[in-house]
Amino acid sequence: MKILHFLLAFLVVFLLPVPGFTAGTGNSVTCSKNGGFCISPKCPPGMKQIGTCGLPGSKCCRKK
């Protein structure tokens, strides 16, 4: 019985999402679902960055 509790605790800790990787958007599909678009290297004037699009230097931008 003790081993089951250990395994459950182990699974809970390692299957939780990592906080640093869940904030904002991380790919182009999520970006477009949030009303944004992907562009590189930075957002144009009048737009704000709401995340990244997965590629290095690619930003997800949306109107302010």
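Helices, of at least four residues, and strands, of at least two, are DSSP runs numbered from the N terminus. By that definition, the protein chain of this predicted model has 3 helices and 3 strands. Read from the N terminus, the order of these elements is α-α-α-β-β-β.

**Chain as a whole**
- Of the chain's 64 residues, 16% count as buried.
- The chain exposes about 5,200 Å², and 69% of this area is supplied by carbon and sulfur atoms.
- Contacts between residues at least 6 apart in sequence include 27% that join residues at least 24 apart.

- Ile3 has a relative accessible area of 53%, so it counts as exposed, the cut-off being over 50%.
- Together with Leu4, Phe6 and Leu7, Ile3 makes a nonpolar surface patch of about 420 Å².

**Strands β2 and β3**
- Strand β2 covers residues 47–52 and strand β3 covers residues 59–63; the two pair in the antiparallel sense over 5 bridges.
- Across this pairing, Lys48 stands opposite Arg62 in β3.
- The two strands form a hairpin, with 6 residues between β2 and β3.
- Gly54 lies in the turn of this hairpin and has a positive phi of about 95 degrees.

**Annotated region**
- An unreviewed UniProt entry carries the annotation "domain: Beta/alpha-defensin C-terminal" for residues 31–61.
- Over residues 31–61, the chain is 39% strand and 10% helix.
- The end C-alpha atoms of residues 31–61 are 8 Å apart.

Terms used. Residues numbered from 1 in each chain as written. Predicted model: local features only at pLDDT ≥ 70, side-chain atom pairs only at ≥ 80, totals over all residues. Heavy atoms only, no water. Patch = residues over 30% accessible without salt bridge, like charges linked within 9 Å, V, L, I, M, F, W, Y side chains within 5 Å. Areas by Shrake-Rupley, 256 points an atom, 1.4 Å probe, with all protein chains shown as cover. Salt bridge = Lys/Arg side-chain N within 4 Å of Asp/Glu carboxyl O. Buried < 20%, exposed > 50% of the residue type's maximum accessible area, 1.4 Å probe, protein only. UniProt positions renumbered as here; feature names shortened; annotations may be inferred. Pairing = 2+ DSSP bridges. Contact = heavy atoms within 4.5 Å.
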